[in-house]
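Reader: I am new to this one. Could you show me the structure and walk me through a few of its parts?

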Amino acid sequence: MLSDIEIAQQAKMKKITEVAAAVGIKEDELEPYGHYKAKISDSVYNRLKDKKDGRLVLVTAVNPTPAGEGKTTVSIGLGQGMNKIGKNAVIALREPSLGPVFGIKGGAAGGGYSQVVPMEDINLHFTGDMHAITSANNLMCAMLDNHIQQGNELGIDQRRVLVKRCLDMNDRALRNIVCSLGGKLNGIPREDHFIITVASEVMAILCLASDIFDLKERLGKILVAYTYDGKPVYCKDIKANGAMTVLLKDALKPNLVQTLENTPAIMHGGPFANIAHGCNSVRATKTALKLGDYCITEAGFGSDLGAEKFLDIKCRFAGIKPSCIVLVATVRSMKYNGGVPKAELAEENLDALKKGSVNLGAHIENLKKFGVPVVVAINHFYADTDREIELVKNFCTEKGVDFAVTKCFAQGGEGSVELAEKVVEACEKENNFKFLYDLDMPVYDKIEAIAKEIYGADGVDYTKEAKKSIDEFIELGADKIPVCMAKTQYSLSDNPQALGRPKGFRITVSSASLSNGAGFLVCQTGSIMTMPGL
């Protein structure tokens, strides 16, 4: 069997101008980066802004195994399957981060015969968006330290600097450092930290900004530090947001590529899902909704993280709503949630599969709370047996949810035709989309709602540090904004070892931060890392 990269290298790609023309993008509305990838200029959305939106299809998943369950692969396969049945579909995906590409999960361009290409370009430097975000973030940090060095007119307390430098690579050695050593000319020594680029607020802001003016305003609102007398200091106070905007002017434009079957795919932005809100950019999704009759997009990790944030944060800010939610499930993830070690997932185990099915059940019930039709995509792996697939089908039937087996990895769009047909049907069903919580609810009530309704927790506990931070942010006006929970993707709880459907647990908020420019409050639970290791 061919590897992903061998399949990708055999792809018969069309020139990006042809791919663009197929969905009505004019040649002068493209900014090509070689023959097979391009930036989409602002003029496309402006020209189509009065056109009726297509249907929005959100793809999410159950709690995954460490290697992932093929959510991006299913998203791409579904887009290809839609085109197989004569539907005009445009796929909207996140860009990969270099860190995970060289880590355990590898690339994020799909797999098998459901990939976006040119795969190597997309997984590596692509069009330079990640580097632009890294540069903008680190310029802000450099200007902040320079302000302190050059007289510190604002009275910034170097012990309360909030923004961190970033790098688009997993590098645990940079998590906690001391900077500005070597004497007076090198600045004021202080403890500092690095995070991965996709965990930065700058990344989140890029993905939520509506245009370059909104981008500049949001960047200016980043809470960068506190003064010695406890007053907040924002990015605009150190006058960094203008220069940051200039660095991001091209990165703000969505990228157009294609699948192995030449289906258009817009890839833009990639905030981490277990740290930030985990969705591709609002601009990319809205552009795809104008270009296609169906926009297939994804949220990060399991639905408890990715879908909840997509629905409660992105949909709220962007003024969009899904017509259907596709929940990716696999036999191996259900066996994993039933207690089977990773090394034994290829062996048939009906008892463990039945035991782990409660995890799928929890995600089905959670998604139904948002009032949107749900379709379970059973992503077929080579080791799945007929008896195992039948058990999952029966479980879906018992739960009263539509389902389809997809063989998109092995068969591409042809293997996703049944799923595509089920999704089209679901998009025509009654849709009573609603948010999980109201913005006017107190912050602590919002956190409790997510913990109880989505995770199944009995309640929420706060460390002294987290409680103090949240109370400070409320005083700054953060009581009327959404909450972004940072949590492990491997469990519905904040304990990655608690698989299946944990009961009788409480969520512990260990720390909190305010993404003031992005517009949400981040609550970190458990031992979430903002700079992963390889």
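Author: Gladly, starting with a pocket: strand 22 (residues 506–515) gives the largest share of the lining of the second largest pocket, 6 residues. Keep in mind that this is a predicted model, where local features need pLDDT of at least 70, side-chain atom pairs count only at pLDDT 80 or more, and totals for chains, interfaces and linings use all residues. Residues are numbered from 1 along each chain as its sequence is written, and side-chain values use heavy atoms, with hydrogens and water left out.

Reader: What do "strand" and "pocket" stand for here?

Author: Helices (H or I, at least four residues) and strands (E, at least two) are DSSP runs, numbered from the N terminus. On a 1 Å grid over the protein atoms alone, a pocket is an open set of points where a 1.4 Å probe fits, with protein on both sides within 12 Å along at least five of seven lines. Lining residues have an atom within 4 Å of a point.

Reader: Which residues that line the second largest pocket are the closest to its centre?

Author: The second largest pocket holds about 1,400 Å³ of space, a volume being the space filled by probe spheres set on the points. Of its 48 lining residues, the closest to the centre are L162, K164, A512, S513 and Q524.

Reader: In what order do the strands run in the open sheet with mixed pairing?

Author: Two strands pair if DSSP finds at least two bridges between them. Strand 20 and strand 22 pair in the parallel sense over 4 bridges, with G459 opposite R506 in strand 22. The open sheet has 4 strands with mixed pairing, in the order 20-22-23-21.

Reader: Why is one side of strand 20 and of strand 21 left without a neighbour in the sheet?

Author: Strand 20 (459–462) and strand 21 (483–486) are at the edges of the sheet. One side of each is left without a neighbour because each has a single partner strand.

Reader: At what angle do the axes of helix 18 and helix 19 cross?

Author: Axes are lines fitted to C-alpha atoms, for helices over the stretch in contact (heavy atoms within 4.5 Å), and angles run from 0 to 180 degrees between N-to-C directions. The axes of helix 18 (residues 443–455) and helix 19 (residues 464–475) come within 11 Å. They cross at roughly 125 degrees.

Reader: Which residues of helix 19 make that contact?

Author: On the side of helix 18, V443, Y444 and I447 take part. Their partners in helix 19 are K467, I470, D471 and I474.
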